[in-house]
Amino acid sequence: MENRKTDYSLCALIRRNLENCILGKSNEIEQLMIALLAGGHILLEDVPGTGKTQLVKALARTIGGHFRRIQCNPDLLPTDITGVAIYHPKDEAFIFRPGPVMANLLLVDEINRATTKTQSALLEAMEERNVTVDGETYQLPNPFVLIATQNPIEFEGTYTLPEAQLDRFMMKLTLGYPDAATERQMVMSPFSTAPADQLAPVADIEHVAALMEQVKKVHVDEAVGDYLIRVVRGTREHNGVQLGASPRAAISLLAAAKAKAFLNERDYMIPDDIKSLAPSVLAHRILLHTESRMNGLTAEDVIQAVLHSTNVPVRMER
């Protein structure tokens, strides 16, 4: 029990450190931590200047992991991400030179500016946690979390992420603009230009890996697990949906809900964990019919309708 209290305190410390850097975004920071503890990848979609890169840099400094950043553009090659084998005449052998993907926390800025061929180089890393170069497979560091950003309003010179790649992101998040009071505080702060650079680490990557192992041990009651499955399957049965959430989405939602329970200092899941995370985990995996989109239906509307129509398990204690 004492170890568990220490783990909870460390989570609170990490969260507080991030909130000191990114002001007014407690909910988004919580979801970022949930994805981190669940070992999932994140897609941050928002307009420029809302703090996406600063949030990821703040997380990297806070947990003390190996951090690398890739700025995507149409000239970026797959080997610029994975690394390349270079021939050394002296040794008469090819020596593998690791790419930036060999990190604990990888920021892929403006991922939709990379070509589809380069985007596909990330698929193996995201799913298998390794990369293959010239027939040789190299294991990525543990833990490995990829956070990608994209601008939702620019389409010229961009390449839309295919459904197969979107499905590998555990969550899709937006930060949005801060309220007036928070923005005033940000502007008047002496560290407003690079707040993440002022943070000190409060944990190390070994601590984070240990927390991730604790999250896996969170108990899932059979009734709660059945409720999760019914929610995911409900997205496939909605009349306005062409492609519903996949089994991978169900696994991601379960892992995320476990992490949320852990952050709330519980060693068991409840239905509210699932309900609160369903929009972030499922919405970007749902493909609507063209007619539904023209009528103004959104993936979030579908999820809310499914949650409303799915009975929540209730246990009566005697």
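Is Asp-167 buried or exposed? The model is predicted, with local features requiring pLDDT of at least 70, side-chain atom pairs counted only at pLDDT 80 or more, and totals for chains, interfaces and linings using all residues. Residues are numbered from 1 along each chain as its sequence is written, and side-chain values use heavy atoms, leaving out hydrogens and water.

Asp-167 has 11% relative accessibility and therefore counts as buried. Buried means under 20% relative accessible area, exposed over 50%, and partly exposed in between, with a 1.4 Å probe and protein chains only. Asp-167 sits in the loop between α6 (163-166) and β9 (171-173). Helices (H or I, at least four residues) and strands (E, at least two) are DSSP runs, numbered from the N terminus. Ser-246, Arg-248 and Arg-285 are in contact with Asp-167, not counting residues up to four places away in sequence. Contact means heavy atoms within 4.5 Å.

The parallel-paired open sheet has five strands, in the order β2-β5-β8-β1-β9. Strands pair if DSSP finds at least two bridges between them. β2 (67-71) and β9 form the edges, each pairing on one side only. Neighbouring strands in this sheet are turned by 20 degrees against each other on average, direction ignored. Within the sheet, β1 (residues 42-45) runs parallel to β8 (residues 145-150), and four bridges join them. Leu-44 has Thr-149 in β8 as its bridge partner. In the loop between β7 (136-139) and β8 lies Pro-143. The peptide bond from Asn-142 to Pro-143 is cis, its omega near 0 degrees.

Strands β3 (residues 83-88) and β4 (residues 93-98) run antiparallel, joined by six bridges. Val-84 is partnered by Arg-97 in β4. Four residues lie between the strands of this hairpin, where Glu-92 takes a positive phi near 50 degrees.

The largest nonpolar core holds 68 residues, of which Ile-147, Met-171 and Leu-282 touch the most other members. Such a core is a set of buried Ala, Val, Leu, Ile, Met, Phe, Trp, Tyr and Cys residues joined through side-chain atoms within 4.5 Å. Helix α10 (residues 247-263) supplies the largest share of this core, nine residues. Ile-147 touches residues including Leu-32, Ile-42, Leu-44 and Val-56, not counting residues up to four places away in sequence.

Helix α9 (residues 222-237) packs against α10 at an angle of about 145 degrees, with the axes 10 Å apart. Axes are lines fitted to C-alpha atoms, for helices over the stretch in contact, and angles run from 0 to 180 degrees between N-to-C directions. From α9, Leu-228, Ile-229, Val-232 and Arg-236 meet Pro-247, Ala-250, Leu-253 and Leu-254 of α10. This contact has seven nonpolar, no polar and one charged residues. Ala, Val, Leu, Ile, Met, Phe, Trp, Tyr, Cys and Pro count as nonpolar, Asp, Glu, Lys and Arg as charged, and the others, Gly among them, as polar. Leu-228 is buried, because its relative accessibility is 4%. The C-alpha atoms of Leu-228 and Leu-287 are separated by 20 Å, and the two residues lie 59 residues apart along the chain.

Positive phi values also occur in loops. Arg-129, a residue other than glycine, has phi near 60 degrees. Arg-129 lies between α5 (116-128) and β6 (130-133) and is partly exposed, with a relative accessible area of 26%. Glu-265, also not a glycine, has a positive phi of about 60 degrees. The loop between α10 and α11 (271-282) contains Glu-265. Glu-265 counts as exposed, because its relative accessibility is 52%.
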